[in-house]
Amino acid sequence: MLEVAGITQIFGGVTALQDVSFAIHKGDITGVIGPNGAGKTTLFNIITGIYTQTSGTVTLEGKNISAFPPERLARRGMVRTFQNIELFNQMTVLENVMVGMHTRSSCGLLSCALKMPWSIAEERRIRKGAVKWLDFAGITDLADVTAGNLPFGQGRLLEIARALAVEPRIMLMDEPAAGLNSQETQALGQLIRRIREMGITIVLVEHDMELVMDICDRIVVLNLGMKLAEGTPREIQENHEVIAAYLGEDD
Amino acid sequence: MLFDQILQYCLSGLSTGAIYGLIGVGFSIIFNATGIINFAQGEFVMLGGMLTLLFLETLALPLWAAIPCAIAASMVAGLLFERLAIRPLRQPTPINLVIITIGGSILIRGLAMLAWGKDTHALPPFSGNDPISILGATILPQHIWILVVTVFIVAVNRFYFYHTISGKAMRACAYNRRAAGLVGIDVRRMVLFSFVISSALGSIAGLIVAPLTMTSYDVGIMLGLKGFCAAIIGGMSSGIATVIGGLLLGILESLGAGLISSGYKDAIAFIILLLILVIRPQGLFGKAESERV
Amino acid sequence: MNRELLKFLAFSAMVLAAPLYFKGGYLMNVLVFVGIYTMLAIGLNLLLGYAGQISLGHAGFFGMGAYLSGVLTATYAWNPWLAMPLAAAVVGVVAFLIGLPILKLKGHYLAMATLGLGIIIYIVFNETIDLTGGPSGLSGIPYLELGGITFDSDVKSYYLVWSFALLVILFAVNLANSRVGRALRAVHDSEVAARVMGVNARLLKVQIFTLSAVICSLAGSLYAHTMTFIAPASFGFNFSVELLTMVVIGGLGSVYGSFLGAALLTLLPEFLRAAQDYDIIIYGALLMLMVMFMPGGLVRGIPDFFKMVIKGRRGAGNA
């Protein structure tokens with residue numbers, strides 16, 4: 001589904017990632033873990049077109065997407081969420097999700113402003129679709145709340161609903177459990193499973209090991225910008241190098 | 001004949017360019033400490049000239065006393081501006097900062113009009129008006145004053161930023177404001193400092209150029225914008241690069257006005273500004289840097 | 001959606017009825033200007049309030065519309081109804097071509113670049129004397145005519161200008177509550193998230209920049225044909241600032257707020273005749289005070305203020 005090959009990223013002399021390669025299989029939930037500063041978020045930013053890597057390639061469903069900007073990736077079915085949730089704060093919850101339908105609608109500036117019949121029909125379709133995703137995330141009753149006023153946990157759900165509205169084939173989540181309490185985290189785990197059941201491939205960066213071990217099919221471990229290990233949760237838990245990296249090596 | 005003319009244009013361009021450079025350094029100092037482009041920077045240039053005039057004529061001080069008084073008064077104005085307009089801002093988004101500094105700029109301009117009227121005023125030259133001839137071109141003593149003061153200011157600036165605690169703290173703020181705060185630098189005070197220093201620089205530029213170009217309540221807009229242009233050419237450096245940017249701009253402008261058309265003189269600066277912003281936003285001498293996030 | 005329509009109908013009724021109240025008095029002339037400035041403020045607001053991109057050069061596009069219409073009709077005797085769309089098209093193309101590189105810039109840099117652009121346009125008006133008449137202006141621009149009616153009196157101009165202004169209002173309201181309007185506001189709130197949702201932020205910004213320039217150009221053409229005389233001084237940097245003040249005072253991202261800002265800034269100097277030259281001080285002070293104390297503009301600030309007062313009273317009553 002998604003292949004990362006030989007990714008290296010150098011920021012002004014500092015090597016953030018070095019020759020990282022792995023493959024994500026269709027329909028899997030894959031976790032990317034590693035200690036702080038391992039380069040997880042940098043990797044996400046490269047895959048999703050926010051940074052351009054120094055070298056290496058990213059391939060999505062056989063197509064080289066290395067230099068694609070985020071908006072083009074959305075059209076190819078890739079979407080992401082952010083560690084510090086990036087909502088459209090001044091818009092309502094419903095409107096946020098409606099923006100998610102952007103690639104699934106097409107009316108241009110003039111037909112919108114002149115309210116052509118087809119734009120009215122499309123608007124109705126967008127609204128209906130957005131409501132459906134709010135239902136899915138269980139936040140329908142918040143539809144008219146301004147997004148900036150949401151508590152963090154609900155903001156996270158909104159961000160996920162908005163990402164789903166893109167109808168992606170692959171979804172990358174950057175620390176979805178960060179800032180959630182244990183109850184919310186559990187519900188999140190359920191939600192992620194339900195998303196996978198729809199046939200969406202999921203990649204997540206996460207620090208909450210319980211969640212990762214519980215829901216992931218495969219795990220990739222990064223340390224100091226390099227891939228340390230890759231395997232099932234079980235294999236990772238038993239991997240000595242991984243344990244050493246997390247606990248710090250004894251001299 | 002043509003050579004003489006070109007030399008003449010270059011020489012006069014050099015002194016206006018030095019002024020642009022000084023104003024540009026003022027822009028850069030604030031920008032580096034705060035990330036703000038102070039649209040009111042030009043008004044401090046205007047204040048420099050007008051306040052000198054005030055102390056000189058209305059209060060009948062001698063020139064040597066009027067100048068420091070004018071600079072000090074401008075610094076107070078800069079301090080008040082930061083305290084009353086910038087610091088209280090609850091949502092310091094770039095758009096709000098642009099609007100508030102523009103608001104401040106036209107407020108200051110309006111108050112100057114209220115105080116001194118719409119007439120243009122002349123400041124006497126610092127040391128006579130006898131032309132000096134160089135290689136067939138002539139310049140005035142005031143031109144020399146401008147160049148000397150500029151060199152002096154660049155040197156003082158260099159000393160301040162590299163050899164004093166407060167200057168080093170300011171540079172630390174420029175690199176990383178949060179980190180500077182964490183190591184105990186009072187960032188808000190540095191912001192205030194930056195406004196005070198650049199209003200001082202602005203007023204100096206304004207008062208040394210006033211004997212050549214006359215001054216009035218509305219000279220600040222154009223001078224300010226060209227100062228900004230110098231700073232952009234110099235990559236928002238608060239040192240020599242911006243002054244060179246200013247000199248370059250001054251010479252190009254003067255050559256353009258002399259050889260092409262005087263009416264389009266002001267357009268030259270803005271065309272350069274647009275070209276540099278679009279093609280080399282890091283300035284003419286800077287190396288390409290990744291965008292600061 | 002229906003509420004928006006009702007609002008619009010109520011506003012239109014008010015606009016159409018206003019001349020009955022003012023009975024063609026002196027204020028009619030002022031209200032013609034309010035109409036033109038409303039169009040301009042909405043044009044700028046689409047860019048600034050919705051997309052979050054500043055421009056300090058919009059007076060330039062206003063002037064280009066006015067001069068293109070003026071020169072084509074006064075000097076080359078074109079039909080004004082032909083000159084107006086042509087002017088708008090030319091301004092649109094120019095804005096698009098300039099917008100492509102310029103809108104890559106952000107925040108302060110964009111402000112400076114658009115400012116520079118506005119000043120260059122202004123200098124061109126002053127210097128192409130053969131074409132524009134230079135600083136002394138261009139006169140002899142014909143009034144608009146339609147079906148035998150010449151729009152030469154204040155009342156007629158009022159209805160002419162306001163029919164255009166109402167169309168622009170409707171256009172902007174529709175746009176704001178549509179797929180494109182949402183995308184614009186999304187770019188404003190978080191450009192990176194908008195792009196992840198598939199919004200081509202760069203293209204969208206250029207589009208809206210172009211649209212707002214075209215609206216300003218239309219307003220410029222109307223200005224030329226109702227005034228019949230234009231001079232560069234109306235299209236300089238100060239006017240760009242005045243436009244900005246209208247938008248900020250009315251409320252960023254509010255279509256009717258733009259009307260409010262335009263009306264206030266046009267009527268205020270009329271009532272403050274004594275303060276003629278000093279309106280600049282008032283603009284400056286207003287800009288600063290609004291950003292500091294009422295960043296949402298009057299349309300949001302006034303209701304908030306009343307809510308606060310009511311709350312305060314209730315609080316006092318309970319205690």
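Modeller: In this predicted model, a residue counts as buried if 20 or more other C-beta atoms lie within 10 Å of its own.

Colleague: What makes strand S8 of chain A mostly covered?

Modeller: Strand S8(A), residues 201-205, has 5 of its 5 residues buried. On one side these are Thr201(A), Val203(A) and Val205(A), and on the other Ile202(A) and Leu204(A), so with buried meaning 20 or more other C-beta atoms within 10 Å, both faces are covered.

Colleague: How do you know that S3(A) and S8(A) pair?

Modeller: Two strands pair if DSSP finds at least two bridges between them, and strand S3 (residues 29-33) of chain A and S8(A) have 4 bridges, in the parallel sense. Val32(A), for instance, stands opposite Val205(A) in S8(A).

Colleague: And what makes S7(A) and S8(A) a pair?

Modeller: Strand S7 (residues 170-174) of chain A is joined to S8(A) over 5 bridges, again in the parallel sense, and because at least two bridges are required, the two strands pair. Within S8(A), Thr201(A) is the bridge partner of Ile170(A). From S7(A) the chain crosses through helix H7 (residues 182-197) of chain A to S8(A), in a right-handed β-α-β crossover.

Colleague: Why should residues 288-293 of chain B not be read in detail?

Modeller: Chain B averages a pLDDT of 88, and 97% of the residues score at least 70. Over residues 288-293 of chain B, however, the pLDDT is below 50, and beyond near neighbours in sequence this stretch has 2 contacts in the model. Where pLDDT is low, the predicted coordinates should not be read in detail.

Definitions and conventions. Residues are numbered from 1 along each chain as its sequence is written. Chains are lettered from A and ligands numbered from 1 in the order in which they are written. This is a predicted model: local features need pLDDT of at least 70, side-chain atom pairs count only at pLDDT 80 or more; totals for chains, interfaces and linings use all residues. A residue is buried if 20 or more other C-beta atoms lie within 10 Å of its own, exposed if 12 or fewer, and partly exposed in between; C-beta atoms are placed from the backbone. A crossover is right-handed if, with the strands pointing away from the viewer, the path from the first strand over the helix to the second runs clockwise. pLDDT is the predictor's confidence in each residue, from 0 to 100. Two residues are in contact if their C-beta atoms, placed from the backbone, lie within 7 Å.
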